[in-house]
Amino acid sequence: MNERIQEKLSILADAAKYDASCSSSGGKRKNDNGGLGNAEGMGICHSYTEDGRCVSLLKILLTNHCIFDCAYCVSRKSNDVKRAAFTVQEVVDLTMNFYRRNYIEGLFLSSGIFSSADYTMERLVRIAKKLRLEEKFNGYIHLKTIPGASEELIQEAGLYADRLSVNIELPSDDSLQKLAPEKNYAEILTPMSQIQLKVAENREERELFRKVPQFAPAGQTTQLVVGATPESDHQIIKLADGLYKGYGLKRVYYSGYVPVSGDQRLPQVVQPPLMREHRLYQSDWLMRFYGFDADEILDPAHPHLDLEIDPKLAWALRHREIFPVDVNTADYELILRIPGIGMKSAKRIVAARRFAPLTLDHLHKFGVVLRRARYFITCRGMALEKREYDEQTVRRKILYGDGQTRSALVKRQLDLFAPEPTIITAPDLVSPQLDLFRQAS
Amino acid sequence: MQRHAPGLPAAVPITALRRPGELPPSFRSSGRFTYDGSFDGLLTVVLACWEQRLWPEAIQPEGAAQGGLFAETQHIETDEERARRVWDGLLRHMPGEARTSLYKTFLSERPDRELLIFRYVQLAIEAGGQDISENFGNDTVRLVADINKQLFREKHRMEAFVRFEKSHDGLFHATVEPDFDVLPLIAEHFTKRYADQRWLIFDRRRGYGLYYDLQRTDILSFDAASDAPRSGSAVSAAVLDEREPLFQTLWQTYFDHVNIPERRNLKLHRRHMPKRYWRFLTEKQPRERRFEPIQNKNNAA
């Protein structure tokens, strides 16, 4: 029995791990029934995998049996893998016992599709319901909605789950239909707008009647796989922008394609495109927290993110006319756009300058990365650089330091042989500024 | 024992900010003080400084005190009633949040914490009603803010990295060794969250713990380390719940399988989960059985 459950867990955790989301934030569920758990605070990463990703939830599939054959998915019907399925009680037991030991914030449950969408969805809902009603579990529950599941089931799911998600899977409808013949955008966007509508309705109702039960209080998210299909970064962030604005999503997750299949329709990559994924997350942050428009980050003339420099620096280099910005007088919004200044230091700057004009020394102590910021700021009217450099020179100086081009090239070559790239790949927690503990949703 | 992150100055010579002869008008001279090391004790010292109009050159816990050459040191007895007066009075000079940040500064256990707190209070009083907590250009204010950030991070790590073990009598217990004295800060979090189970979190380094008995959470002290009822790996398997080893194994299994080897990045892994926490993490303990990856790739391209 124990061996069997261990085997099931290994198969069904393994099959679920490519879903990037592990966020447990944005919930408002208090423990007011004397039961177990509390999901009202910020999210917590209880552990980190050896690839540096946050482990916040017990992220598993109910089963990896699937009637679909999506080329990018390990659990596709035609793939020769071990299959397993949990019972409802097994999932409940694991969740409760992991939670009691402070291993997890809650459950993230998804599933392969067996017999039908509704049949599968009904099982997922039954587990959430049992946890809430029978076990008095107030931890976090994230349910994946199964494409094609009925409106009634999604409605019920939202009553027990903190967060719902429908994966958009790939950055364009064309690609999706090519790689996942059973799926299309229309079928994915329908439940998405349905959830959006229910969340909005629920919010209005709760303003009138406090006792109305919450519907998915932590909202909805989605994920798409990057690097398995030919879309440009510009297309991808435009899509994300549309999802944020049109469907009120809390997060869009980007998952660098990890080769899970020898399917001829897919690129035969060896390494997942981690740097590209990282730059996409940085762009996503710029849109959500730094007031950038998708079209400011990229445009048809610049359809791809620069892998060498972050998108904020890339934008600043293309817009030298806006700089230098004086840190003692500029608005917060503009200070946020200075390379080398993150949200935290921007906030400190605008708070502290009310007391006394700031000096360079202050900026340094506030955590501003002067190595980058120096080309873009003035401080009490003074520039840090005696000369004005052109775009290419600034870029080179920031990347390789002040040395000659020749030594810069040598350094660059050495970098190529650096053992482990310090790529930030914990999308749930890490902002580009390494804001480790604010789990923004 | 490292008490603070490398980014911050270890100890700022606070007294150097005020040279002799440059004392604020309300102080006639300076003095050195010792106290019992408790927060109430420190607040009592603060009141004594005001009453005697002495600018503190040093405030140190008894025993840890290093007397300066020729320096006379005054010992101040802790008085809860007088400490309460100071604590309540602080609100006339600063918002509640700033006052809390001073308590957290105390929990940082930095050797200069007492003077830093005194200095902050003095700044707030001199500011005459203006809230100074965002005056980050000032070294004292910024240092208090940075220390608070560190405290918050350690508190958050404890909320994440505590690993309970269930014993046969239903008690869930965990051992920790936080960098700062953060147990008082995590009590509320665990009390709300684990309302339906008895639990104990023991700080082995400081020899005390939090115990929740289904009604309320109390601080339990243990005089000697040997008195600690259960200290992490020292718990013998005999007192564990019979299903405890199963769930530990399952958690390890989960941890191993949720990893994506193609994305391996140990540097990032260690940055998020520094090695000094590993000894108490179930997922970082040796495996009973070797990890076997699931072969679910169709490599016949």
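Analyst: Buried means under 20% relative accessible area, exposed over 50%, and partly exposed in between. The model discussed here is predicted.

User: Why is Arg142(B) called buried?

Analyst: The relative accessible area of Arg142(B) is 8%. The cut-off for buried is under 20%, and therefore Arg142(B) counts as buried.

User: What makes Asp139(B) and Arg142(B) a salt bridge?

Analyst: The closest N and O atoms of Asp139(B) and Arg142(B) are 2.7 Å apart, and a salt bridge requires such a pair within 4 Å. Both residues lie in helix H5 of chain B, three residues apart. Asp139(B) is partly exposed, with a relative accessible area of 38%. The two also belong to a network of salt bridges that includes Asp361(A) and Lys365(A).

User: How do you know that Arg374(A) and Glu385(A) meet in a salt bridge?

Analyst: The N to O value for Arg374(A) and Glu385(A) is 2.5 Å, against a limit of 4 Å. The pair links distant parts of the chain, 11 residues apart.

User: Why is Glu204(A) called exposed?

Analyst: Glu204(A) has 56% relative accessibility, and exposed means over 50%, so Glu204(A) counts as exposed. This residue is in helix H6 of chain A. With Glu201(A), Glu205(A) and Glu207(A), Glu204(A) gathers in a patch of negative charge on the surface.

Key: Residues numbered from 1 in each chain as written. Chains lettered and ligands numbered in written order. Predicted model: local features only at pLDDT ≥ 70, side-chain atom pairs only at ≥ 80, totals over all residues. Heavy atoms only, no water. Patch = residues over 30% accessible without salt bridge, like charges linked within 9 Å, V, L, I, M, F, W, Y side chains within 5 Å. Areas by Shrake-Rupley, 256 points an atom, 1.4 Å probe, with all protein chains shown as cover. Salt bridge = Lys/Arg side-chain N within 4 Å of Asp/Glu carboxyl O. Lys, Arg positive; Asp, Glu negative; His and termini not counted. Charge placed at Lys NZ, Arg CZ, Asp CG, Glu CD. Helix = DSSP H or I, 4+ residues; strand = E, 2+ residues; numbered from the N terminus. Buried < 20%, exposed > 50% of the residue type's maximum accessible area, 1.4 Å probe, protein only.
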